[in-house]
Structure formats: C-alpha cells, structure tokens
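Hi there,

Here is the structure I said I would pass on to you. Have a look at it first, then read on.

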Amino acid sequence: MKRKEIDGFPYVSYSRPRITDSESIEKSVDFFHSLSQRRTVREFSTRPIPEEVINNLIKTAGSAPSGANKQPWTFCVVRNPHLKKQIRIAAEAEEKLNYSSRMSANWIQDLKHLGTDWEKPFLEDAPALLVVFKQSYGIKNGQKIQHYYVSESVGIACGFLIAAIHQAGLVTVTHTPSPMNFLASILNRPSHEKPFLLLPIGFAKEETYVPDIEKKSLEDILVYY
Ligand code: IYR
C-alpha cells in the first residue's frame, strides 16, 4: 500500500481487483440473488447466535459511508432477558395506542396483508435486539462535535446491517415502535443519542410463513437518461 500527503493530509493508494465485464455481471447477479432472498420475518427461534457473528454485523454496519466520516451512530445489543421484556412491554404499550387510535384507517388497511398487530413477541423471542441510535452531535473530550446528514448516514449503515444479517443466515424485522424514546431511557443512553431503528436478530422460527408480496419491477423503478 502506497502512502502520500495531499494538502498536508495522509492518503493511501486504493484499487479494486481488475475484473472483466462478465465477472462483474456475474458478481452483481449473485449479490442480487442473495439479497433478493431476504424477507422481513416476525417469528423468531430462541436459538442463540454467536457473539462473533454479532460483532461482525456491527463492524459491517460501521464500515458504511457517513457525512464527513463522522460515523454518527451507536449500536446497542440487547441480550439480557429482563431488558428485552422491558422493551417489549414499552413497545407494546405504544403500539396498542398506535393500532387502536393513532394510525389512520387507511394506514391500518395498508398493513392488513402483512398481518402485523400491536403484539411483539419477537422482542423477547429473538436472541438479540440491535437498537440503533443516531447521534445528533458527537462528544470528544467533553467537546461537542458537529455531525452532518445524520439520518442519511445512519440509514445507509442500517442498510449495510440488514444486508449483513441476511448474509449471515439470520433474519430481522425493521421495527420502529413510535414514539420510541423509551429505548433511550431503558438503555440509559446520553441525550445526544436518539433511537433510530430496532432490529431483532436471530434464526427464523421453524415452519414460518411470510406474506406473498412482490417487489416493483425494474421498469417501475428505473429511469435511464
Ligand atoms: N410500527 C407498527 C406499525 C407498522 C407500520 C408500518 I409503515 C409497517 O410497514 C409495519 C408496521 C408495527 O411495528 O407494528
């Protein structure tokens, strides 16, 4: 690896292995085939997962690009059954209100085919809950550090994370109980961290079913200029 200074800052040489067009096509098809097998799963086995896998998932998420490379995220892993129960109770209390009065009739109708309701047993069944926090600003040596494009950055990291979870043979559901500030209090997070997404991870329950839904076709989502 070659190094040099540009404008007084350190740079390292970078290149990807040279591949042919057909290798590139094959790799892109393989990746599509793998990721298009991902499904949101709401029924989990209680089978534990190795800590090494969890660490690798979070390393993958942490490798995502972010505004000014500030990496404005914290990933909390909850395996303690008491904490999982507390989170379930708080999430279900909010969801009960959501489903019974906060969500519009249209919204409820739009969710019918997914079979969701206020009950969230996956918050206790899944061996680990990944709670992703976005940091509105950072703190280093007691000093505030400005963060940029926080939601975009954390959203991209969560995309990496969801892909990594799938690649590891695990499943997840992107759960956003709303409002979800209870996650910050239960996990005792500092005030500059706001809950962004809750991802239960684990193995799918044996004999589980997912809604028979489809993704939009390429023609419906792609515009070339
Ligand atoms: N947060 C609720 C409701 C919900 C909303 C949407 I938009 C979904 O795609 C799925 C669920 C819940 O988790 O049940």
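Predicted model: local features only at pLDDT ≥ 70, side-chain atom pairs only at ≥ 80, totals over all residues.

Let's begin with the aromatic rings. The structure has two aromatic pairs. In one of them, Phe44 and Phe122 sit 6.4 Å apart, centre to centre, with 55° between their planes, which makes the pair tilted. Phe44 is in the loop between α1 (21-35) and α2 (51-62), while Phe122 belongs to helix α5 (residues 122-125), so this pair ties together parts that are 78 residues apart in sequence. Are these two rings buried or exposed? Phe44 is buried, at a relative accessible area of 3%, and Phe122 is buried too, with a value of 3%.

The other pair is Trp73 with Phe75, also tilted, at 6.3 Å centre to centre and 40° between the planes. Trp73 has 9% relative accessibility, so it counts as buried, the cut-off being under 20%. Phe75 is buried as well, with a relative accessible area of 17%.

Next, a couple of charges over rings. Arg47 lies over the face of Phe203, 3.7 Å from the ring centre. Arg189 has its charged end over the ring of Phe133, at 6.0 Å from the centre.

Now for the helices. Two packed helices are described by the angle between their axes and the distance between the axes. Here, α2 and helix α6 (residues 150-167) have axes that come within 7 Å and cross at roughly 145°. The crossing of α2 past α6 is right-handed. Which residues make the contact? From α2 they are Leu57, Ile58, Thr60 and Ala61, and from α6 they are Ala157, Phe160, Leu161, Ala164 and Ile165. By type, the residues of this contact are eight nonpolar, one polar and no charged.

You'll find Gln135 in strand β4 (residues 128-135). This glutamine is buried, with a relative accessible area of 12%. What does Gln135 touch, if we skip residues up to four places away in sequence? The list is Gln71, Pro72, Trp73, Thr74, His147, Val150, His192 and Glu193. As for Val150, it is 15 residues from Gln135 in sequence, and the two are 7.2 Å apart in space, C-alpha to C-alpha.

Methods
Residues numbered from 1 in each chain as written. Heavy atoms only, no water. Phe/Tyr/Trp six-rings, centres within 6.5 Å; stacked < 30°, edge-to-face > 60°. Helix = DSSP H or I, 4+ residues; strand = E, 2+ residues; numbered from the N terminus. Buried < 20%, exposed > 50% of the residue type's maximum accessible area, 1.4 Å probe, protein only. Lys NZ or Arg CZ within 6 Å of the ring centre and 35° of its normal. Axes fitted to C-alpha atoms, helices over the stretch in contact; angles between N-to-C directions. Left-handed = near helix turned anticlockwise from the far one by under 90°. Contact = heavy atoms within 4.5 Å. Nonpolar A, V, L, I, M, F, W, Y, C, P; charged D, E, K, R; others polar.
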